Amino acid sequence: MKVLAAGILSLLLVLHWKHGAGSPLPITPDNATCTTRHPCPSNLMTQIRNQLLQLNSSASALFIAYYTAQGEPFPSNVDKLCGPNVTDFPTFHADGTEKDKLVDLYRIIAYLGASLGNITRDQKALNPKDQNLHSKLSSTADTMRGLLSNVLCRLCNKYHVSHVDVSYGPDTSGKDVFQKKKLGCQLLGKYKQVIAELVQAF
Amino acid sequence: MTLNLRTKKIYPTGYFIKYLYKMLTLWTRIVQASFIFLATESIGVLLDPCGHISPESPVVQLGSNFTAVCVLKEKCMDNFDVNADNIFWKTNHATVPKEQYTIINRTASSVSFTDISSLNTQLTCNIYAFGQIEQNVYGITIISGLPPEKPKNLGCIVNEEKNMMCQWDPGRKTYLETNYTLKSEWATEKFADCKAKRDTPNSCTLDYSPVYFVNIEVWVEAENALGKITSDHINFDPIDKVKPNPPHNLSVRNSEELSSILKLAWINPSIKTFIGLKYNIQYRTKDASTWSQIPPEDTSSTRSSFTVQDLKPFTEYVFRIRCMKNDGKGFWSDWSEEASGITYEAKPSKEPSFWYKIEPSHTHGYRPVKLIWKTLPPFEANGKILDYEVTLTRWKSHFQNYRVNDTKLTVNLTNDRYIATLTARNLVGRSDASVLTIPACDFQAAHPVTNLKAFPKDNKLWVEWTASNESVNKYILEWCVLSDKSPCIPDWQQEDGTIHLTYLRGNLMESKCYLITVTPVYDDGPGSPESIRAYLKQAAPSKGPTVRTKKVGKNEAVLEWDQLPVDVQNGFIRNYTILYKTALGNETAVNVNSSHTEYTLSSLTSDTLYMVRMAAYTDEGGMYGPDFTFTTPKFAQGEIEAIVVPVCLGFLLTTLLGVLFCFNKRDLIKKHIWPNVPDPSKSHIAQWSPHTPPRHNFNSKDQMYSDGNFTDVSVVEIEVNDKKPLPEDLKSTDLFKKEKSSTEGHSSGIGGSSCMSSSRPSISSSDENESGQNTSSTVQYSTVVHSGYRHQVPSVQVFSRSESTQPLLDSEERPEDLQLVDNVDSGDGILPRQQYFKQNCSQPETSQDISHFERPKHVSSVSEEGFVRLKQQQISDHISQSYGSGQMKMFQEISTADDFGPGTEGEVERFETVGMETAIDEGMPKSYLPQTVRQGGYVPQ
């Protein structure tokens, strides 16, 4: 069942992510050859750290922009409605090796990326004129795609990891508007919290 | 006619062609073929071409070889009776030489081209239908060009939050439609291509901002019909190519504590959240055009404010700022919007310039003094000047304070010495005091500056001087525009006592003459001013001088002109140029020093029209004045007078001399022109015989002629029968008497005088002496009847004597006149002689004694004048022959008597007197013939 859900989410991620903004993590068999289109840069870890910083620097603004855009009761009940209560959120082991941390990071960013795709889709429908929010969502999603590319390049080139199992959040397409808003707000709250931890870990 | 049918056109079939071929003549076939072709098309029948060319749409590289093949269809070959041999090729309607053809088989012919150079070539395959009608079978277009070159110098710039634009050098022109495609990819995925627009084949802009911190690989692919080529790949992190958005909301704030600082603040672009920035901050004063920049090392880190120091108080500054990634990778942002702020006030940094003028109107014991000063420039005022405070000190303890908002103050001061001080006050404080000494009335200014110079440089009028030996507090420079139309309104400025070179800080105009005065100011008052004239920039005069003539001579002319008014000079007049010429001659130029106002043109031609024009020159050029013409006179001044006056004087002198001469010779003239004619009515003829004593006693005569020298006697032969002389004859005798004898009624002496004329002046002198005594009133006319000579017996011996008592004419009664007339008579008087002889011929009673008296003259006359001689011969042949020797003897005796003879003293005196008045040789026959005879000169035979 989980695997099915993950497959569906991956499909949604593929469908809704902005063209050119990245691609879902390829699922490759363990024995598959890991190759990239061109060699990874030498400062890849620095770029990953900068990307985490970039995400972290904008996470709070995105969170505020989101709940502000949703209107009441969200701005006045952020803690209640936007608490970081996200089930099945991938775990991160900050004390692990670089490879383990990169794998955990990959799973988290993949999860967040898919969820951000759902939120972007919902907000274009719910708040189509809020360009500030859309811009922040888009920029964050793009940065996540870049981070995924760098992590994958690092795992592939240095650790020869070509396959990572990932999980995705719940699908909000069938939920009502408030639930969509609430789930999105909770996810961005979680994102804000997690990205700060990741910055510290790298 | 050739129809150039291109690929996929419809071509006619052969049926109609065949029919027409049979029906029409050869020359109409071409038109008919076209008609059929059109008719076939019009009925909408799709017809296959008779053949085709391979390749259909060739694109070849310039300079390469190309071969095309035309293949005919069997059906056409049958209808038109043609095969591959009948194929001929054309390029752009020109037939290709057959050497380039190759017959492949019965249906196919190829053509080959080497080194294609034309970009677009129309190639057609043609045949001669039925051997004669040119028919196009198929056509293609050969397109030529070049393959793309490898794009070079690929570079990208990431505009923050906007896009990424990449540029490259596309290389040579390909002449073909060439596509340039910008390709990009991450290590894990590839992005959509960016196709360059046709009008900008050297750049392409991605319409999204790339993700930072992920290396992206970019390259350009160029492709056209002749090939495809890819540029070198560049791999970069977009953050290293970013051009941030400029900082915004720049603000400027001053500090009340420090008047030399301004605080800047701004908002950084959003990219600063994950990269470090550095800045460029530039500033300038509001009116300046150039920017100053904060040292880069002071702005090399991310910040959102900055304090600028070392600014001038109360000055408005303008700022701008830009930023870029602090590691230097990437690009500077655009400049932010400018923001300005004013530093806070400070107390005036310098005392105002201070000067005074004493007004011309004086009241008793007081003098109005106008104190003037300059507003401080903003950089010295350091704030808004609220007012000025003026203090006048007459004595050490006597103060007068004035608070003035204006920049002048007029006060009535006594004739004493005053000290004036001036301070300017603003919100923060007051300036130092400017001190000025206003000397007493009797103050004598001295110690002027020396070597005062003024010259333009860098569009400014500089003034330089040498200070006197005295300690100078400051200098006052005054200047004004010199003009004939407006008064000199001076402007002024103050310089420190250490300054010896400065420029006038007024709004000076070009081409204006400035009178600049420099006055040194000493402790005890102003020194003597020194002035100089100068121009900021000279120009050619606006008008030229108007030349005129002051004096025009025959060969020279003095030109004069007025100095140009200063308003039209536009510069210092360096010299004048005078151009003059005649109507046809060359123009002559003369340069004249500017100090002159007149010039003399010399070597001019007389009586000639000259045209003169004159230019005044400054350092920058000259200007001609109006043309002036004058004509030199034909004669110089006084020349006419010099000619006329001497001529007139000469004429007058000549006339005068003539008059004098005539006056002196009036008797002679009178004798010739209107001689005294004795009045015959007052004459009488007396019988005379040699033994009859004369009726008059001529003692002197007797003495004079006592020697009997007169042997020559003019004889008038009167016919024997003519006893009574005619009145006319008597008149003639009188005339004769006027000419040749003294006019004392002695008509008998006339004939003798004629002969004596000029040859014997001594005789004349004797005659004069004699004539002075011969003033008897009786004239004796004698007629000598010629008797023989030397044994010749005269036919008639009759002696007659005329004793006329007729008085002489008026003149005859005056001995002086008579003497003059006798003298004049000496050398000429042909007519009278003629008359005389004629008269003699008709008057037998004319005296013979006259003849003897004037014998020498008579001889001379005879020898010179034929007519006279003829008459004389007729009359007195016998006489001449008879008395020739006697005549000579008598002549000599007379001469001796005249020169050495024992004449009385009174006689000598008379002679001298007469001689002074008349010519010496003019013998005056003053004696009567009978008297002469009586004296022994003549004895009738």
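Student: Where is B:C480 found?
Tutor: B:C480 lies in strand β35 of chain B, residues 474-481; helices (H or I, at least four residues) and strands (E, at least two) are DSSP runs numbered from the N terminus. This is a predicted model, in which local features need pLDDT of at least 70, side-chain atom pairs count only at pLDDT 80 or more, and totals for chains, interfaces and linings use all residues. Residues are numbered from 1 along each chain as its sequence is written, chains are lettered from A and ligands numbered from 1 in the order in which they are written, and side-chain values use heavy atoms, with hydrogens and water left out.

Student: Is B:C480 buried or exposed?
Tutor: Buried, because its relative accessible area is 4%, and buried means under 20%, exposed over 50%, partly exposed in between (1.4 Å probe, protein chains only).

Student: Which residues is B:C480 in contact with, leaving aside neighbours within four places in sequence?
Tutor: B:C488, B:I489, B:P490, B:C513, B:Y514 and B:L515, where contact means heavy atoms within 4.5 Å.

Student: Switching to B:Y418. Which strand is that in?
Tutor: B:Y418 is in strand β31 of chain B, residues 418-425. B:Y418 counts as buried because its relative accessibility is 3%.

Student: What does the side chain of B:Y418 join in a polar contact?
Tutor: The side chain of B:T414, at 2.9 Å. A polar contact is a pair of N or O atoms within 3.5 Å; within protein, one must be able to donate a hydrogen and the other to accept it, and residues adjacent in sequence count only if both atoms are side-chain atoms.

Student: What about chain A?
Tutor: Chain A has 6 helices and 0 strands, and 51% of its 202 residues are buried. Among contacts in chain A between residues at least 6 apart in sequence, 83% join residues at least 24 apart; for chain B that figure is 71%.

Student: How many residues does each chain give to the contact between A and B?
Tutor: Chain A gives 22 residues and chain B gives 18. The area buried between them is about 1,800 Å², with 56% from carbon and sulfur atoms; buried area is the accessible area (1.4 Å probe) that two parts lose on being put together, summed over both. A:R37, A:H38 and A:Q54 supply 35% of what chain A buries against chain B, more than any other three residues.

Student: How many salt bridges are there between the chains?
Tutor: 2, a salt bridge being a side-chain nitrogen of Lys or Arg within 4 Å of a carboxyl oxygen of Asp or Glu. One of them pairs A:R37 with B:E185, whose closest N and O atoms are 2.8 Å apart. There are also 10 residue pairs in polar contact between chain A and chain B, both residues at pLDDT 80 or more.

Student: Which elements of chain A give two or more residues to that side?
Tutor: α2 (44-70) and α5 (131-158). The largest share, 9 residues, comes from α5(A).
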